[in-house]
Each structure stands twice: as C-alpha cells, then as structure tokens.
Amino acid sequence: MPDNVDASERMVDNWTKQIQETAARYQAMAARMQGQTVTERSKDNTIEVTIDSKGLLTNLVIAEAASGKRMAEVSSQVMRLVQLAQSRIPELLQQAMAETVGTTDVTASRVIAEAQSTFPEAPPEDDIAPPEPERHHRFGPEEEEPPPPPAQANPPQNPPQNPPQPKPIPRRRRTQDDDDDEFGGSILS
C-alpha cells in the first residue's frame with residue numbers, strides 16, 4: 001500500500017509541476033503581448049495610428065498635409081487604419097503563443113479563436129465607399145420650421161381682409177425729474 005501512496009504523491013507532484021510550468025508560460029506570453037503595439041499609415045503618409053495589444057488606440061498622428069482633405073475622408077481613413085491595425089492582433093498573439101505556450105494547447109487555440117472573432121480581417125480598401133461631400137454647413141443650432149397653426153373647428157365665414165393694426169404706444173415727455181436718480185439728486189452736484 002505504501003507504493004500506491006508514493007505513486008499518488010508523485011502523480012499529484014507532476015500535475016502541480018505541469019500546472020505551474022503552464023502558468024509560467026502563459027504569464028510570459030501575457031507579458032510579451034503587453035508591450036506589443038501595431039502601427040499603420042495611410043498610403044500618402046498623412047495619417048498614422050498606433051494601437052496596443054488590446055486593440056485600443058494609443059496614438060494618432062494627422063500630418064498638416066491632410067488639412068486639404070475633407071474631414072469625412074480623414075475620419076474614414078482613421079477608422080480604416082484602426083481596423084487594419086486591429087486585424088493584425090490575432091497574428092501577433094499566435095506568434096507570441098508559438099514562442100511561449102505553444103499552439104497545440106487547447107486553451108491556446110481558444111484564445112486565438114477569440115482574438116480572431118474580436119478583431120476580424122479589415123475589409124478591403126476597395127469595399128469602403130468614399131464619404132459623400134456635405135452640401136452645406138450649419139454652425140448654429142438647427143432651426144426648425146415653425147409648426148403650422150392648429151386647424152380651427154369652425155373657421156370664420158368672412159375673414160377680414162386687413163387685420164387690425166396695433167395702436168402705437170404713446171411716448172412720454174421728458175420732465176426735469178428724469179435726470180434725477182432714485183436717491184433724490186443729480187449725480188453731478
């Protein structure tokens with residue numbers, strides 16, 4: 001019976017050792033991915049984006065030369081470059097796993113599949129329609145047209161031709177007291 005106990009202890013020790021080794025490899029892979037970034041540039045080098053291994057935008061550079069472009073075109077290019085950079089994350093993850101954990105592990109395969117579903121391939125540039133140019137610009141609050149007057153239940157039979165004009169407000173004549181303030185005297189005294 002002591003042989004069975006010794007064999008069980010060795011088996012548990014082996015499992016513990018394997019788990020610790022696997023955990024250390026995954027920690028090494030996570031540390032390696034932590035510092036990874038992906039940078040993409042537009043064809044004309046006017047826009048550059050950098051994302052981290054989580055797919056978050058960490059840097060955006062728009063050159064002065066892009067000032068001649070429409071803002072809709074610039075924003076479209078930025079989004080396209082971010083998608084393109086993000087689509088490279090599964091490849092980086094797979095490379096880091098191959099060098100640390102290995103790609104034959106079931107967990108590694110699941111992690112890579114999850115990354116591919118989170119960051120799919122970017123659409124081809126030809127599939128992106130250029131944004132429509134704006135026809136007009138509005139800088140103030142949007143003005144709404146006034147609503148039509150409510151319909152009257154019994155419209156008048158003979159509407160007046162000329163509506164009555166409001167009476168002018170009579171103007172008051174100035175008096176000598178108009179120069180005095182409420183404190184009882186002129187401010188010039």
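Does Glu-40 count as buried or exposed, and at what relative accessibility? At 13% relative accessibility, Glu-40 counts as buried, where buried means under 20% relative accessible area, exposed means over 50%, and partly exposed lies in between (1.4 Å probe, protein chains only).

A word on the model before we go on. This is a predicted model, in which local features need pLDDT of at least 70 and side-chain atom pairs count only at pLDDT 80 or more, while totals for chains, interfaces and linings use all residues. Residues are numbered from 1 along each chain as its sequence is written, and side-chain values use heavy atoms, with hydrogens and water left out.

## The sheet

Let us start with the strands. Helices (H or I, at least four residues) and strands (E, at least two) are DSSP runs, numbered from the N terminus. Three strands form an open sheet in the order β1-β2-β3, with antiparallel pairing; two strands pair if DSSP finds at least two bridges between them. In general, strands of a sheet pair through backbone hydrogen bonds, either parallel or antiparallel. Here β1 and β3 are the edge strands, each pairing on one side only. From one strand to the next, the twist averages 10°.

The antiparallel strands β1 and β2 are joined by five bridges. Glu-40 has Val-49 as its bridge partner in β2. Helix α2 packs on the sheet and touches β1, β2 and β3, its direction making about 35° with that of β2. For such angles, axes are lines fitted to C-alpha atoms, for helices over the stretch in contact, and angles run from 0 to 180 degrees between N-to-C directions.

Leu-57 sits in strand β3 (residues 57-62). With a relative accessible area of 45%, Leu-57 is partly exposed. Beyond its neighbours within four places in sequence, Leu-57 is in contact (heavy atoms within 4.5 Å) with Val-49, Thr-50, Ile-51 and Val-82. Leu-57 and Val-82 are 25 residues apart in sequence, and their C-alpha atoms are 7.4 Å apart in space.

## Salt bridges

The structure holds four salt bridges, each defined as a side-chain nitrogen of Lys or Arg within 4 Å of a carboxyl oxygen of Asp or Glu. Among them are these pairs:

| Glu-99 | Arg-32 | 2.1 Å |

The side chains of Glu-99 and Arg-32 meet in a salt bridge. This pair links distant parts of the chain, with Glu-99 in helix α3 (residues 89-100) and Arg-32 in helix α1 (residues 2-34), 67 residues apart. Glu-99 counts as partly exposed at 49% relative accessibility, and Arg-32 counts as partly exposed at 31%.

Glu-40 lies in strand β1 (residues 37-41) and Arg-88 in the loop between α2 (71-86) and α3, so the pair ties together parts that are 48 residues apart in sequence. Arg-88 counts as partly exposed, at 34% relative accessibility.

## Nonpolar cores

A nonpolar core is a set of buried Ala, Val, Leu, Ile, Met, Phe, Trp, Tyr and Cys residues joined through side-chain atoms within 4.5 Å. The largest one has 16 residues, and those with the most contacts inside it are Tyr-26, Met-29, Met-33, Val-38, Ile-51, Leu-93 and Met-97. At least two residues of this core come from each of α1, α3 and α4, and α3 gives the largest share, five residues. Not counting residues up to four places away in sequence, Met-29 touches Leu-93, Ala-96, Met-97, Thr-100 and Val-101. A second, separate core of seven residues includes Val-49, Val-78, Leu-81 and Val-82.

Thr-46 is found in the loop between β1 and β2 (47-52), and at 7% relative accessibility it counts as buried. The Thr-46 side chain makes a polar contact with the side chain of Asp-44 (2.8 Å) and another with the side chain of Lys-69 (3.1 Å). A polar contact is a pair of N or O atoms within 3.5 Å; within protein, one must be able to donate a hydrogen and the other to accept it, and residues adjacent in sequence count only if both atoms are side-chain atoms. Leaving aside neighbours within four places in sequence, the contacts of Thr-46 include Val-61, Ile-62, Ala-63 and Gln-77.

Pro-123 lies in the segment after α4 (106-118) and counts as partly exposed at 32% relative accessibility. Not counting residues up to four places away in sequence, Pro-123 touches Arg-80 and Gln-83. Pro-123 and Gln-83 are 40 residues apart in sequence and 8.3 Å apart in space, C-alpha to C-alpha.
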